[in-house]
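Visitor: I am new to reading protein structures. Could you walk me through this one, feature by feature?

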Amino acid sequence: MARCIELARRGTGRTAPNPLVGCAIVSPAGELLAEGYHARLGGPHAEAVALRKLGGRAPGATMYVNLEPCAHTGRRRTAPCAPLVLEAGIARLVIGMLDPIRAHSGGAAWLRRKGVEVVTGVRRAECAELNAAFVTWAREGRPRFTLKAAVTLDGRIATRTGDSKWITGEAARRDAHRLRHAHQAILVGVGTVRADDPRLTVRGVRGGVDPIRIVLDSRLRTPPDSRVLPANAESTARCILATTAAAPAARERRLAALGAEVWRVRATRQGRVDVRALARRLAAAEIVSVLVEGGGEVHATMLAAGLADEVRLYVAPRVFGAGPAWVEGRGVARVAAAVGMRLAGEPERLGEDLVVRAVPARRARRAG
């Protein structure tokens, strides 16, 4: 199963909204016969890849797969895998976790009824972590959101004059681009676009895939020469401007002419984009993972909405003493009202910097 997880990771950044899946087939004598993984959306699933190497036949063999083989026969990009497993003569199927999408699940039960020995729950927690975004999308009807920032020891993302290049070192920046590649979309506020004119692309990652760019822009203040707009970008990735009904129609027409997709989303009482409503629309568009790169007001909004599934901070050994923080907003009045977080593993050293991962305490308790 550990090998299945390792294989599955090779599809990172290319399979969404499909999950990451790896498969290994072992002979009755314990010899590895074939392995495969789901490499891209629309391509063959891991089980089909592995079985194809054996001519579609593996009588008496054991198949290991980190996610239950699908049994759904409705509208799909590829054929269901459970019948392929049966036709191949697989005698024993070992599954990491069952499919969280009810319409796709049932492959394990179907194969068991057909006489295949089925074992489930092997390294279940690791398999669920591998496909955390897919699980969130399936169970909660929204993408999984990761809040990311490069910060100083005092939590600043820029100096008091707005200078932010570069807070962290090269190793941390490379890792941040790998993180972009691993997410289907990247989200920032219009303030970040206006201040920094970011490209929001993946750089320095071999085979890197640029994420969909999403900008929270309640009044469509994105400048027409911004590099996130397809007409000005080197990337072919989509650009979604999430706005409200209050945004001028003339600005919409102008930005749409530059390649942007303008989504009018319900507004909050303050006239801002309702991020919960946006999350539901993103899920309906099959966007399952979003990397939120701020700025501080956007991070505060996501935390307040309960849409921060993970926080990842790249912490540099510097102190600015003033400047914007990675979380802004009004803040809380009492310590007891703070957003509770728990560290997800030990901090990782990247050059002179640290990477700190944390999850909301409520999610940590649920996972445990």
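**A guided reading**

Guide: Let us start with a strand: from E8, Ile212, Ile214 and Leu216 point one way and Arg213 and Val215 the other way, and all are buried. This is a predicted model, in which local features need pLDDT of at least 70 and side-chain atom pairs count only at pLDDT 80 or more, while totals for chains, interfaces and linings use all residues. Residues are numbered from 1 along each chain as its sequence is written, and side-chain values use heavy atoms, with hydrogens and water left out.

Visitor: Which way do E7 and E8 run, parallel or antiparallel?

Guide: Two strands pair if DSSP finds at least two bridges between them. Here five bridges join E7 to E8, and the two run parallel. Ile186 stands opposite Arg213 in E8.

Visitor: How do E1 and E2 run, parallel or antiparallel?

Guide: Strand E1 (residues 22-26) and strand E2 (residues 32-37) run antiparallel, joined by five bridges. Val26 stands opposite Leu32 in E2. The hairpin has five residues between the strands, and Gly30 takes a positive phi near 95 degrees there.

Visitor: What is Thr62 in contact with?

Guide: Contact means heavy atoms within 4.5 Å. Leaving aside neighbours within four places in sequence, Thr62 touches Ala24, Ile25, Val26, Arg92 and Val94. Thr62 lies in strand E3 (residues 62-67), and its relative accessibility is 12%, so Thr62 counts as buried.

Visitor: Now a helix, please. How far apart are the end C-alpha atoms of H7?

Guide: The expected span of a helix is 1.5 Å times one less than its number of residues. Helix H7 (residues 170-182) has 13 residues, so it should span 18 Å; its end C-alpha atoms are 19 Å apart, which agrees.

Visitor: What do the buried residues of H11 pack against?

Guide: Their partners are E6, E7, E8, helix H10 (275-284) and E11. In H11 (residues 296-304), the buried residues are Gly296, Val298, His299, Ala300, Met302 and Leu303. Just after H11, Gly306 takes a positive phi of about 70 degrees.

Visitor: How many residues line the second largest pocket?

Guide: On a 1 Å grid over the protein atoms alone, a pocket is an open set of points with protein on both sides within 12 Å along at least five of seven lines, and lining residues have an atom within 4 Å of a point. The second largest pocket is lined by 45 residues, and Thr12, Gly13, Leu20, Ala182 and His183 lie nearest its centre. The largest share of its lining, five residues, comes from H7.

How values were computed. Helices (H or I, at least four residues) and strands (E, at least two) are DSSP runs, numbered from the N terminus. On a 1 Å grid over the protein atoms alone, a cavity is a set of points where a 1.4 Å probe fits but cannot get out, and a pocket is an open set with protein on both sides within 12 Å along at least five of seven lines; lining residues have an atom within 4 Å of a point. Buried means under 20% relative accessible area, exposed over 50%, partly exposed in between (1.4 Å probe, protein chains only).
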